[in-house]
Amino acid sequence: MTTPTPSSLSRFCRTVLPQMVVASDGKRTLKTIDDIQATDQYNSFDRFHDTSQTLVDYYQRAGAGTEITPIQTGGDIGTGRWIIQEAQDVHSATVDVVAPVRQRIIDFKENPWHVVQWSSATPKQGLLCELVVIDDLASLSSLRPGALRGKAVLTRGNIRGMTMNQLAHVGAAVVITDIDVTNNPDALAWTKFGWGMVPMSHATARIVGLVMSTQQGDRLRRLHQRYGGLQLRVKVDVRKYVGHHDMVSGLIRGSEDPQDEIWAIAHSGEPGAIDN
């Protein structure tokens, strides 16, 4: 890739950019974002395929050709830093305080970001867990293996990276993160286990992962402190399998050299991504 020269950049700003400004439509752009987010927000591959069709429809209405390239997800996952180890459909998730009081504190139907991407499932009847609060995730390394067996951990720490493996090592069945979203205490953080992937070293770790806002977390912490402990019923219906995810391309054929290609790359190829 060559770096634009000052003259080529100036020419682009004089000739191409004004045409792009004239052709753009802010309201239409926001409508497009809403339509994509309507299905992509679920962190679920069955809905990601719906997103692919949305992208195809938009490309075709704009007069572009389209290609969908299915990429296997699961099975022989190969090597590399950015790996999606398996496909995953998320159907439902709830968390209820069942003792000493009863109230629902998490429901996937209200906000699909309540489920951490690559969360494991619970048994159909759910898990009955004692809640413990651990905000210093570094302290997990000082616990003996199995010290939190079967428990649900509430933490404001970042659960990406090595934490998944550490939680599994001490026996935790569930982790609920109420990590802060800057200047948005009622917002849920989009998060997943791992960074670019679920790390290879975590292949045997299976943890149920859930998210709540810091406001919800504050309420749960006050409830936990008031009663000196809480029992939770956690139900998460997730299916993991060897499937595929889609790479969607819009194609505009040029009129000059057919060997030349110009690529404009966005981030729809990473399921659920909220950046770029």
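## A tour from the rings to the core

The structure holds 3 aromatic pairs. Keep in mind as you click around that this is a predicted model.

**Stop one: the F45 and W118 rings.** Select F45 and W118 and show their side chains. Their ring centres are 6.1 Å apart and the planes meet at 45 degrees, so this pair counts as tilted. Which parts of the chain does the pair tie together? F45 belongs to helix 3, while W118 sits in the loop between strand 3 and strand 4, so the pair links parts that are 73 residues apart in sequence. Both F45 and W118 are buried.

**Stop two: helix 3.** Colour residues 45-61 to see the whole of helix 3. Helix 3 lies across strand 2 (87-99) and strand 8 (231-241), and runs at about 130 degrees to strand 2. Then pick out Y58 and R61: R61 lies over the face of Y58, 4.6 Å from the ring centre. For another arrangement of this kind, go to R239 and Y241, where the charged end of R239 sits over the Y241 ring, 4.1 Å from its centre.

Switch to a cartoon view. You're looking for an open sheet of 7 strands, in the order 3-2-8-4-5-6-7, with mixed pairing. Which strands are at the edges? They are strand 3 (103-107) and strand 7 (208-211), each pairing on one side only. On average, neighbouring strands here are turned by 25 degrees against each other, ignoring direction. For a look at one pairing, select residues 127-133 (strand 4) and 152-155 (strand 5): these two run parallel and are joined by 3 bridges. V132 has V153 in strand 5 as its bridge partner.

**Stop four: the cores.** Next, select V174, L210 and L232. In the largest nonpolar core, which has 26 residues, these three touch the most other members. Several elements supply at least two residues each to this core, including strand 6 (174-177), helix 5 (214-227) and strand 8. Stay on L232 and show what surrounds this residue: beyond its neighbours within four places in sequence, its contacts include V95, V97, I105, L128, L131, A152 and I176. D96 and C129 are also among them.

**Last stop: a second core.** A separate core of 20 residues is waiting too, and V116, L140, V153 and I159 are among its members.

Methods
Residues numbered from 1 in each chain as written. Predicted model: local features only at pLDDT ≥ 70, side-chain atom pairs only at ≥ 80, totals over all residues. Heavy atoms only, no water. Pairing = 2+ DSSP bridges. Helix = DSSP H or I, 4+ residues; strand = E, 2+ residues; numbered from the N terminus. Axes fitted to C-alpha atoms, helices over the stretch in contact; angles between N-to-C directions. Contact = heavy atoms within 4.5 Å. Phe/Tyr/Trp six-rings, centres within 6.5 Å; stacked < 30°, edge-to-face > 60°. Buried < 20%, exposed > 50% of the residue type's maximum accessible area, 1.4 Å probe, protein only. Lys NZ or Arg CZ within 6 Å of the ring centre and 35° of its normal. Core = buried A, V, L, I, M, F, W, Y, C linked by side-chain atoms within 4.5 Å.
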